[in-house]
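Me: I would like a close look at a single part of this model. Please keep it brisk.

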Amino acid sequence: MVRFGKKLTADQVPEWRGYYINYKLMKKKVKQYGQQLQQGEKDRRRVLKDFSKMLDDQIETIVLFLLEQQGRLASRIEKLGKQRAILAEQPDISAIAELREAYREVGLDLIKLLKFVDLNATGIRKILKKFDKRFSYRFTDYYVSSRSNHPYSQLQQVFKHVGVGAVVGALSRNLADLQERQGSYLSIYDQPASALKDPIIDMINSSVDKLTRSTNFLRFLGQHALIAQEESPSTAGEEEIEDQKYHFVSLMLNLVNTFLYMVNTYIIVPTADDYSVSLGAASTVCGVVIGSMAVAQVFSSVYFSAWSNKSYFKPLVFSSIVLFLGNVCYAMAYDTKSLTVLIVGRLLCGLGSARAVNRRYISDCVPARIRMQASAGFVSASALGMACGPALAGLLQWRFKIYMVTFSQSTLPGWLMAVAWLLYLVWLCISFKEPNRATEADDTPHNRASG
């Protein structure tokens, strides 16, 4: 089996060599830290700080280069889009073929970029694993959980790769469109009876799938480590207090909230590109539509975290109402012919993210003996929502009108999620049980006195 260090060197794009993770240096540093700890030259805390700083710098180099390359690809696609618009009015068979080849060249460069991200994501994962093994310390959990949702962290750019997804969507749509356009001008004898799917699209999709598998490990740790921490043994009195605060249906409502939010995040991905274009935007704007929800979530996590100090029920109600309104705006953007309404809808959805409340509820209100299972349920609900979102979008292929409201594959995801959040709100109001805050407050002085 080829060692990863050699594979990284062999698979690098020569002109990009300075932008890959310096895996050899990182391995050397891990070895040096081990020697310094044994000799007493550095303590563990200093080692963790130095190694974290080094990895942060490596990731920042990777991400800044990734953003630069994404911008170049987007610019090339935009220029080709202008040529495509001209050909739409004045068709020319040879020009269409040349344009299609130009898109394919962009596709090949995109595949190179996807492999670049995949190699670096794998390098990050392996060096974290090597550090944990060397020092028998769960550094990976700390590092990923502290960076995954922090607004200034570059790590999330590596495993969310939203910008890359936008470029993939724009390129795939344009190639498919040109394939159909070319078929409409050529003789039946100039192409097979059934047109083949463009191999470049297949290669891009294969690269995206491989990248997703590589980064799922980091995403899992980022979600899991925020909740599942080593617990100190509980006394009988503490267990009794925990049992008083725990309510199974309320826990289920938090997990369902997590599931619905992740479905809401990903259900628009297959159709956001066409939806944006139908409103007169450039195809690359779909990246803004998809990513705006994640941007707004950064702000929602702040006020929801503070709100959960006083209540769990009220933030969940507020979240459901905001998400209902956000999805209605997203669905109504088509009939109002407004890209602004579309983006405002997605921003509202992001502002309704109650994931901070869901995690806090599990941490505060679930007894220690089943907290790990509840944490696993949170991660599973997130993963299931990520999978179900695009799958549901594939089923929503109808088009009809009721009065002046249009229901299509672009708007149905919004309407479906609006109905889902309305039903969830009703269930929440009927079944949620607010934990006894007085019990929690009374317990704090006792703990302090006993300490």
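At what angle do helix α12 and helix α14 pack, and how far apart are their axes?

Reply: A caution first: the model is predicted. Now the helix pair. Helix α12 covers residues 286-307, and helix α14 covers residues 339-351. The crossing of α12 past α14 is right-handed.

Next, the residues that meet. From α12 come Val-288, Val-289, Ile-290, Ser-292, Met-293, Ala-296, Gln-297, Phe-299, Ser-300, Tyr-303 and Phe-304. From α14 come Leu-342, Ile-343, Arg-346, Leu-347, Cys-349, Gly-350 and Leu-351. By class, this contact has 13 nonpolar, 4 polar and 1 charged residues.

Residues 412-430 are 100% helix and 0% strand, with end C-alpha atoms 27 Å apart. Residues 378-400 are 78% helix and 4% strand. The end C-alpha atoms of 378-400 lie 37 Å apart.

Cys-349 leads on to another helix. This α14 residue, which takes part in the contact with α12, is also touched by Asn-327. Asn-327 sits in helix α13, residues 313-336. Its relative accessible area is 3%, so Asn-327 counts as buried; the cut-off for buried is under 20%. Beyond Cys-349, the contacts of Asn-327 are Asn-264, Pro-413, Gly-414, Met-417, Ala-418 and Trp-421, leaving out residues up to four places away in sequence.

What about cysteines elsewhere? Cys-365 is buried, at 1% relative accessible area. Cys-429 is partly exposed, because its relative accessibility is 47% and that class runs between 20% and 50%. A search of the whole structure finds 0 disulfides.

Leu-99 belongs to helix α4, residues 93-135. Leu-99 counts as buried because its relative accessibility is 3%. Leaving out residues up to four places away in sequence, Leu-99 touches Leu-80, Gln-83, Arg-84, Leu-87 and Leu-178. Leu-178 is 79 residues from Leu-99 along the chain, yet their C-alpha atoms are separated by 8.3 Å.

Key. Residues are numbered from 1 along each chain as its sequence is written. This is a predicted model: local features need pLDDT of at least 70, side-chain atom pairs count only at pLDDT 80 or more; totals for chains, interfaces and linings use all residues. Side-chain values use heavy atoms; hydrogens and water are left out. A disulfide is a pair of cysteine sulfur atoms within 2.5 Å. Buried means under 20% relative accessible area, exposed over 50%, partly exposed in between (1.4 Å probe, protein chains only). Axes are lines fitted to C-alpha atoms, for helices over the stretch in contact, and angles run from 0 to 180 degrees between N-to-C directions. Helices (H or I, at least four residues) and strands (E, at least two) are DSSP runs, numbered from the N terminus. A crossing is left-handed if the near helix is turned anticlockwise from the far one by less than a right angle, and right-handed if clockwise. Contact means heavy atoms within 4.5 Å. Ala, Val, Leu, Ile, Met, Phe, Trp, Tyr, Cys and Pro count as nonpolar, Asp, Glu, Lys and Arg as charged, and the others, Gly among them, as polar.
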